[in-house]
Amino acid sequence: MATAAVPTPSSATTSAPPVPVRIPVREVLPWAVFMGALMLFLIYFVGAEQGATAIFSGTGVHEFVHDGRHLLAFPCH
Ligand SMILES: [Zn+2]
């Protein structure tokens, strides 16, 4: 009766060790600043636009983000 060959660490095929990917901070920093500014802009619209402050008149933005505002525990009404 033949037994199934169970691979062991010593019998496994060897491959080249993984090479770590280098991500230079110089290339990532502008995108991080841009995404941070974009997130601050979005959190302003969800949390404060047409509530505490208003760039646009009316209630369109407020109604559009109203559920998100309550979900994130911003004071609303
Ligand atoms: Zn509300």
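1. Phe56 counts as exposed because it has 11 C-beta neighbours inside 10 Å (exposed means 12 or fewer other C-beta atoms within 10 Å, buried 20 or more, partly exposed in between, with C-beta atoms placed from the backbone). Phe56 sits in the loop between H1 and helix H2 (60-64). Leaving out residues up to four places away in sequence, Phe56 touches Gln50 and Val61; contact here means C-beta atoms, placed from the backbone, within 7 Å.

2. A word on the ground rules. This is a predicted model, in which local features need pLDDT of at least 70 and side-chain atom pairs count only at pLDDT 80 or more, while totals for chains, interfaces and linings use all residues. Residues are numbered from 1 along each chain as its sequence is written.

3. On confidence, the protein chain has an average pLDDT of 85, and 83% of the residues score at least 70 (pLDDT is the predictor's confidence in each residue, from 0 to 100). H1 has the highest confidence, at 94, and H2 the lowest, at a mean of 88.

4. The protein chain holds three helices and zero strands, in the order α-α-α from the N terminus. Helices (H or I, at least four residues) and strands (E, at least two) are DSSP runs, numbered from the N terminus. Of the 77 residues in the protein chain, 4% are buried.

5. H1 (residues 25-47) has 23 residues and spans 31 Å from first to last C-alpha, close to the expected 33 Å, a figure that is 1.5 Å times one less than the number of residues. H1 lies largely in the open, because zero of its 23 residues are buried.

6. The unreviewed UniProt entry annotates residues 28-47 as "transmembrane region"; such annotations may be inferred rather than shown by experiment. That stretch is 100% helix and 0% strand, with its end C-alpha atoms 28 Å apart.

7. Please look at Ala73, in the segment after helix H3 (66-71). Ala73 has a positive phi of about 65 degrees although it is not a glycine. Most residues other than glycine have a negative phi. With 8 other C-beta atoms within 10 Å, Ala73 is exposed.

How values were computed
Contact = placed C-beta atoms within 7 Å.
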